[in-house]
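Here is a friendly walk through one protein model, written to be read with the structure open beside the text. Shall we begin with the strands and then turn to the side chains?

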Amino acid sequence: MQQPPSKPAGSPPPPARPDRAPAVVGPLLREGGLLLALLVTLVGGLLVAANLPLAYQIDVGVEEGPGSDLPMLHHFNTPEHDEHGTYRWTQDGSQVRLPGLGHRPVVVQLDFIPVSPQVTALGPQHMDLYTNGQPLARLPVSQEGRSYALLLPPPPCGNLSLTFHTATFSPPDDPRTLGTPLTSLKVCSVRPPSLAAPSWDTAGQWLLAVLLFWGTMRLALKQAPGVGRWNWWLLAGVVFLVVSGRLPRPPASGRS
């Protein structure tokens with residue numbers, strides 16, 4: 001059998017193959033670190049927002065434009081307006097939803113306008129309030145109108161819902177079912193005894209949205225040269241917009 005030729009004595013060893021592992025692992029670790037830092041910033045920003053003082057007002061009956069009540073009010077009657085301002089009649093099961101409030105107590109003030117003696121005779125004499133499905137209070141319905149301030153416990157999921165259960169009536173030649181006319185709702189936070197957690201449902205949704213955005217942008221821009229840093233700037237901008245959108249804002253009235 002023919003033997004392979006032997007290497008001459010003193011010949012240099014063959015060049016070693018370059019190790020590609022550091023060139024691949026390094027960028028992956030850097031990219032993972034940046035993504036983790038942005039996600040931690042997002043969660044930290046939501047935590048800060050859940051502990052800042054909160055105070056705002058919902059002008060009930062403002063259906064369009066700045067200060068619209070539609071994102072928060074559900075199963076109310078159509079808006080109306082008279083000398084007392086704008087308002088909506090409740091129905092049995094009308095609900096106010098405040099998502100992303102966080103795990104902290106709040107004071108809710110409900111303002112009801114006066115009604116006529118005829119409405120008082122036909123309408124409900126009291127209303128039952130429920131918060132997140134649990135009984136909260138039974139309030140009398142007053143002909144003169146009244147304001148009620150209620151201390152609500154921290155919502156278990158960080159998303160607050162306030163439900164009105166009342167008897168209803170229908171005026172002559174009016175197919176609607178009416179409860180009592182609500183004109184304004186004010187929400188003020190109360191300092192919790194310890195650090196309040198954000199709404200984890202909302203936080204999880206935003207974390208998933210940021211991850212999906214990062215994955216989409218990474219796939220879309222992977223083939224384009226020199227755009228990697230712009231991907232991170234875009235992602236940082238999304239995180240900034242999310243956190244700033246969760247910060248409490250001063251009360252804004254939509255009434256004219």
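Strand β3 (residues 80-82) pairs with β4 in the antiparallel sense over three bridges. Strands here are DSSP runs of E of at least two residues, numbered from the N terminus, and two strands pair if DSSP finds at least two bridges between them.

β4 itself (residues 85-89) is mostly covered, with five of its five residues buried; buried means under 20% relative accessible area, exposed over 50%, and partly exposed in between (1.4 Å probe, protein chains only).

## How to read the model

The model is predicted: local features need pLDDT of at least 70 and side-chain atom pairs count only at pLDDT 80 or more, while totals for chains, interfaces and linings use all residues. Residues are numbered from 1 along each chain as its sequence is written, and side-chain values use heavy atoms, with hydrogens and water left out.

## A five-strand sheet

An open sheet with antiparallel pairing runs in the order β2-β5-β10-β7-β8. Its edge strands are β2 (73-74) and β8 (134-140), each pairing on one side only. Strand β7 (residues 126-131) meets β8 in the antiparallel sense over six bridges, with M127 opposite L139 in β8.

## Aromatic pairs

How many aromatic pairs are there? The count comes to three, where rings of Phe, Tyr and Trp (its six-membered ring) pair if their centres lie within 6.5 Å; planes under 30 degrees apart count as stacked, over 60 as edge-to-face and the rest as tilted. One of them is W89 with F169, edge-to-face at 6.0 Å centre to centre and 80 degrees between the planes. This pair links distant parts of the chain, 80 residues apart: W89 lies in strand β4, and F169 in the loop between β10 (160-166) and β11. W89 counts as buried because its relative accessibility is 9%, and F169 does so at 8%.

F112 and Y148 also form an edge-to-face pair, at 6.3 Å centre to centre and 70 degrees between the planes. Here too distant parts of the chain are linked, with F112 in strand β6 (residues 106-112) and Y148 in strand β9 (residues 146-152), 36 residues apart. F112 is buried at a relative accessible area of 9%, and Y148 is buried at 11%.

## D69 in its loop

Is D69 buried or exposed? D69 is buried, because its relative accessibility is 0%. Its place is in the loop between β1 (55-59) and β2. The D69 side chain reaches the backbone nitrogen of G61 at 2.8 Å. Not counting residues up to four places away in sequence, D69 touches I58, D59, V60, G61, V62, E63 and R88; contact means heavy atoms within 4.5 Å.

## Nonpolar cores

A nonpolar core is a set of buried Ala, Val, Leu, Ile, Met, Phe, Trp, Tyr and Cys residues joined through side-chain atoms within 4.5 Å. The largest has 25 residues, of which I58, V96, V108, L110, L162 and F164 touch the most other members. Two or more residues each come from β5 (94-98), β6, β7, β9, β10 and β11, and β6 gives the most, with four.

Leaving aside neighbours within four places in sequence, L162 has contacts that include V96, V108, L110, L129 and L152. Apart from this core lies another, of 13 residues, among them A203, L235, V239 and V243.

Definitions and conventions: A polar contact is a pair of N or O atoms within 3.5 Å; within protein, one must be able to donate a hydrogen and the other to accept it, and residues adjacent in sequence count only if both atoms are side-chain atoms.
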